[in-house]
Amino acid sequence: MKRIQKYLLSALMISIILLFIASYYFSSLVLYPTVKCNLEHHVYCNGPSELGLEFQEVEIKTEDKLNLVSYWIPTKNAKATILLVHGHGGQRNEGLRFAKSLHNAGYNLLLLSLRRNHGGFASMGFHEQKDVEAALSFLKANGYNKIGIFGFSMGSATSIIAMADHPEIQAGIFSSGYGSAIDVLVESANRDFGIPYYPLIPLVKLALNFRGDMDIDSVRPIDKIASISPRPIAIFHCTKDDYVDYHHALDLFAKAGEPKSLWSPECNRHERLWNFAPKVAESRAVGFFQKYLR
């Protein structure tokens, strides 16, 4: 009997240790994603010059002392300025797919480089709020007060929260975003690794909150989007998105106030609406901002 108890205790201890190792591993996937430009996804990996756009690299300093080196693409006699916010594991080049058409339509563009690319870590939209706030301060300090926002994936979630909290953002497009950070992580863990919620996910949440000095449960654009109204928003989302399920777009759209619109093409890869239908995607983005940001 004592031998059995000893074996059971050893098995329990090993299970606990393995759970903590796994929670550390999965929290690291969230906090420290591999950052790279994927030609199949992002298309333009060599900067704005690849599109024939003149640009400057500008330094945007956050309140926690990170220096975000971002792309500034000005245009003459600009109608307004659009802040583009990339996704988890992405870079400032993610918005370049839309840059040429938006620039030609008369908008200055600031392609923000988020903290993961500058000595920080990703936080699914929690600490990235500081990055957007720093970008807004940069724009206003330089006299650009008519501002729109265009977010992609995690950048979309970040942009929803930022627009709700910053009335100076006059119009926003949210592409492939999620209503709740923890919900999309739980869905991803189950889909990609077959991991149920218990017992691992609560430990992953603890690891994320401790290591990232954050509250992952508080990253809930679904709770913020209604307060954006009456400022206009548009939601873009593939109906068969293979990472952020389409229900997130439907949930966000249902909660949002007017004016609002939803474009949901039949594409099946995460954040590849432009790649699926470039001309339609550009036309919808340009048309939205021409209508509401002028």
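Okay, let's start in the sheet: strand 2, residues 67–73, and strand 4 run antiparallel and are joined by 3 bridges. Two strands count as paired here if DSSP finds at least two bridges between them. Strands are DSSP runs of E, at least two residues, and helices are runs of H or I, at least four, numbered from the N terminus. Quick caveat: this is a predicted model, where local features need pLDDT of at least 70, side-chain atom pairs count only at pLDDT 80 or more, and totals for chains, interfaces and linings use all residues. Residues are numbered from 1 along each chain as its sequence is written, and side-chain values use heavy atoms, with hydrogens and water left out.

Back to the pairing: tryptophan 72 sits opposite leucine 110 of strand 4. Strand 3, residues 80–85, runs parallel to strand 4, with 6 bridges joining them, and there isoleucine 82 faces leucine 109.

Last stop, arginine 272, in the loop between strand 8 (260–263) and helix 9 (273–276). Buried or exposed, this arginine 272? Arginine 272 counts as buried, because its relative accessibility is 10%. Leaving out residues up to four places away in sequence, arginine 272 touches Asn38, Glu40, His41, Arg97 and Cys238, where contact means heavy atoms within 4.5 Å.

Key:
Buried < 20%, exposed > 50% of the residue type's maximum accessible area, 1.4 Å probe, protein only.
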